[in-house]
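Me: I am new to this structure. Please take me through it in short steps.

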Amino acid sequence: MTDEPVPVTAPRTVSPYNAANILTVVRIVLVPVFLGLVVSSQLTGTGPRIVACLVFCVASATDFVDGWIARRWSLVTSFGKVADPIADKALTGTALVLLSVYDRLPWWVTLLILFREWGITALRFWVIRYGIIPASRGGKLKTMLQIAAIAWYLWPVPEPFDIVGPWLMGAATLVTVVTGVDYVIEALRLRRDARRAKGSEA
């Protein structure tokens with residue numbers, strides 16, 4: 001009696017043309033739309049600023065939705081891993097630069113946040129051969145605070161409530177710096193552990 005061959009399940013192939021990636025592409029497309037709205041309005045008046053703020057909020061919401069869809073239905077792809085963080089940084093970076101260009105936000109705040117955001121993205125790619133640094137709770141809080149602060153600056157908030165904007169941005173900047181340091185420590189630890197494991201196998 002011979003043993004029956006055990007069927008092997010073929011690895012699941014995830015198409016890059018899925019809902020999560022489509023939302024990521026939508027976010028990328030909305031970046032120049034948002035840019036055009038802000039430049040045309042020059043952050044003056046009420047209607048144009050509201051439209052620009054709504055476009056920014058919708059684009060930001062796709063970040064949370066596409067991530068949830070990708071995890072919920074296992075639709076993580078190589079394209080999504082690369083395009084998603086680029087779309088996020090492009091959107092927030094464009095908003096921060098525009099706020100500084102129109103004297104709504106000090107340039108040092110914009111440059112500090114951009115340095116952290118793009119620096120951590122580069123760091124993730126640097127250690128990707130050793131492992132993936134998952135998004136922490138602090139990182140998610142940072143993202144929410146940045147979105148809330150930018151939206152507050154974009155929306156024509158009347159006095160005295162406009163004072164909330166600088167406080168939100170201050171909190172976002174603080175959490176951005178702290179989580180950036182945490183990611184650097186985690187990346188160095190990941191790299192050190194991977195090298196130790198490789199050395200023990202030799």
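Me: At what angle do helix 3 and helix 4 pack?
Reply: This is a predicted model. Helix 3 covers residues 78-101 and helix 4 covers residues 107-126. Their axes lie 9 Å apart. The angle between them is about 170°.

Me: Is helix 3 roughly parallel or roughly antiparallel to helix 4?
Reply: The packing angle is about 170°. Angles over 145 degrees count as roughly antiparallel. Therefore helix 3 is, relative to helix 4, roughly antiparallel.

Me: How many nonpolar residues does the contact of helix 3 with helix 4 have?
Reply: Helix 3 brings residues including V82, L96 and V97. Helix 4 brings residues including W107, I113 and F125. By class, 4 residues are polar and 2 are charged, while the nonpolar ones number 10.

Me: Is D88 buried or exposed?
Reply: D88 is part of helix 3. Its relative accessible area is 16%. Buried means under 20%, so D88 is buried.

Me: Which residue's side chain does a polar contact of 3.0 Å join to that of D88?
Reply: Leaving aside neighbours within four places in sequence, D88 touches R27 and D63. The polar contact of 3.0 Å runs from the side chain of D88 to that of R27.

Key: Residues numbered from 1 in each chain as written. Predicted model: local features only at pLDDT ≥ 70, side-chain atom pairs only at ≥ 80, totals over all residues. Heavy atoms only, no water. Axes fitted to C-alpha atoms, helices over the stretch in contact; angles between N-to-C directions. Helix = DSSP H or I, 4+ residues; strand = E, 2+ residues; numbered from the N terminus. Parallel < 35°, antiparallel > 145°, perpendicular 65-115°, else oblique. Contact = heavy atoms within 4.5 Å. Nonpolar A, V, L, I, M, F, W, Y, C, P; charged D, E, K, R; others polar. Buried < 20%, exposed > 50% of the residue type's maximum accessible area, 1.4 Å probe, protein only. Polar contact = N/O pair within 3.5 Å; in protein donor to acceptor, adjacent residues only side chain to side chain.
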